Amino acid sequence: MTTYRAQVRTPLSAEQAFGYLADFANVASWDPGVRSAEQVAGSGPGVGAEYEVGVDSLKGELTLRYTIVEYVDRERFAVRAESRMLMSYDVVTVEATDTGALVTYEAELALNGPLGIADPFLAPFFDRIGDKAAAGLATALDGELVATVGKNGAAADSGVVANLVDKIVETPIVPSFTRVGYDVRKRLESWTSLDGYDLEGKVVVVTGATSGLGRAAATQLARCGATLILVGRSEQRNTKVVDEIVAETGNRSISEVAADMGDYDQVRALAARVLADHDRLDVLIHNAGALSVERSEIADGTEATVASQVVGPFLLTSLLLDRLSASGSGRVITMSSGGMYGAPLSVDKLEMAPADYNGTEQYARAKRAQATLNEMWARRFPDLDIVFHAVHPGWADTPGVDAALPTFAAIMGPLLRTPEQGADTLVWLAADPNPLTSSGVFWHDRRPRSIHKLPTTRRTDTPERRERLWRWVTERSGL
Ligand SMILES: NC(=O)c1ccc[n+]([C@@H]2O[C@H](COP(=O)([O-])OP(=O)(O)OC[C@H]3O[C@@H](n4cnc5c(N)ncnc54)[C@H](OP(=O)(O)O)[C@@H]3O)[C@@H](O)[C@H]2O)c1
């Protein structure tokens, strides 16, 4: 949550200034970032009045619905907008002065969803966001901007979401996660081309290979000559993708197994098929995953995100451990998410209850558990001929993101990575010799990264919680 404050001294009377601002449809006439604003519920200002406000975003206009939630005539009103991407709460206070009125505009803003991890980093940018809005406010009220507490005269108005979206991409996190980070690093570090790897004779399991990042990774691995086992929940979808990748790459050593990673019987059957059909296994890629807006559970009552992305993969790794180690240089690679940066390590709260369920938060907790378990596998089994790595892909334009976070996808659209760019480090970890020299590492764009960016999550990552997580997942997987 970030807060901002601007004050404008105006020669208008308090009544005039209040009347102008409390008709929130006028925001379009003073805030340069707002394209349109229209009252859509209620008549005139007052509690319950609603306004649709169209703001600039990177992919055209984004509409937010503001509601007046507090209203004291000629003194003060508050408006609130909440979307899956952000929460905005603005309070306007008007006081009469000897020469007119003093208008105070205070705004609170918090980012939700995947952008939430950028929240703590945003504050420095909001002074600049507020400049234009505050200047626009002063001009509209025919007044002057006066100094504000802690903000040197500039303030951000969370009604100025247009500028917010624009400035978000200036945070340290955002360029890194988008295609900007990919492009810059690729050039600066002269990455080797993935086409140069020869994986002939290597056997690779890829879960979640029917769509998005998994499919892009599978296609590239096929191009490098790997023998592939593609996993998805539907035999029909799997077969279609196998056929398409064979046609695209000419690699015929591709098979499929239908398995839901949140169904432990199916996971066991998958492991049995892999062991029966292949006498070696070089790489196991845990990529299957989704952010589920609606909560669901598997038969034993485990929340489904955790079941399919934490427990199921843990079980599969356990069942395939010996075969991976026997290859002499086995690799287990887990597709986590940068979303986990905002989530604490929690065992008691790993599964969100129906009353508190929030898909984005649940997903982040599961991804945090994945990244933690990756480190634990490496520390617990140093003698196996297996390296364990986790990776976060940044933000990529995939059917999964479109389905779970349509607003996010629409706003970030041009900045999102392609699936191939998002899958780059995953494939590199499966193919390059470098990752064989370390284990338990978390990667992004071919470099090791910390699994914590915030002191608040670091504090939760204690040896005791780690042990409890391992015990919990072992129990749930029935091992
Ligand atoms: N795209 C991003 O920006 C982004 C960012 C961070 C992390 N990730 C992670 O990257 C991975 C791939 O995501 P994506 O964006 O490529 O999503 P996607 O396009 O929706 O693909 C997800 C894949 O996972 C499979 N899948 C989902 N649930 C499954 C289950 N219970 N059992 C087996 N397979 C399952 C789907 O196959 P079927 O539907 O055919 O079963 C599909 O092949 C996920 O782990 C996601 O959390 C993505």
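Helix axes are lines fitted to C-alpha atoms over the stretch in contact, and angles run from 0 to 180 degrees between N-to-C directions. Helices (H or I, at least four residues) and strands (E, at least two) are DSSP runs, numbered from the N terminus. The structure is a predicted model, in which local features need pLDDT of at least 70, side-chain atom pairs count only at pLDDT 80 or more, and totals for chains, interfaces and linings use all residues. Residues are numbered from 1 along each chain as its sequence is written.

Helix 11 (residues 359-380) and helix 16 (residues 463-476) have axes that come within 11 Å and cross at roughly 95°. Helix 11 is therefore roughly perpendicular to helix 16, a class that covers 65 to 115 degrees, with angles under 35 counted as roughly parallel, over 145 as roughly antiparallel and the rest as oblique. Ala369, Thr372, Leu373 and Met376 of helix 11 meet Arg466, Leu469, Trp470 and Val473 of helix 16, contact being assigned if C-beta atoms, placed from the backbone, lie within 7 Å. The residues of this contact comprise 6 nonpolar, 1 polar and 1 charged (Ala, Val, Leu, Ile, Met, Phe, Trp, Tyr, Cys and Pro count as nonpolar, Asp, Glu, Lys and Arg as charged, and the others, Gly among them, as polar).

Helix 7 (residues 212-223) packs against helix 8 (residues 235-249) at an angle of about 40°, with the axes 10 Å apart. Helix 7 is therefore oblique to helix 8. Arg215, Ala218, Thr219, Ala222 and Arg223 of helix 7 form the contact with Val241, Ile245, Glu248 and Thr249 of helix 8. These residues divide into 4 nonpolar, 2 polar and 3 charged.

Helix 7 also contributes to the ligand shell. The ligand is surrounded by 31 residues, of which Gly208, Gly212, Arg233, Gly289 and Gly400 are the closest; a residue is near the ligand if its C-beta atom, placed from the backbone, lies within 6 Å of it. Helix 7 and helix 12 (399-404) are the elements that give two or more residues to this shell. Its residues divide into 11 nonpolar, 17 polar and 3 charged.

Aspartate 142, in the loop between helix 3 (119-140) and strand 8 (144-146), has a positive phi near 60°. Aspartate 142 counts as partly exposed because it has 13 C-beta neighbours inside 10 Å (20 or more other C-beta atoms, placed from the backbone, within 10 Å define buried, 12 or fewer exposed, and values in between partly exposed). Aspartate 445, in the loop between strand 15 (441-444) and strand 16 (447-449), has a positive phi near 50°. With 22 other C-beta atoms within 10 Å, aspartate 445 is buried.

Definitions and conventions
Two residues are in contact if their C-beta atoms, placed from the backbone, lie within 7 Å.
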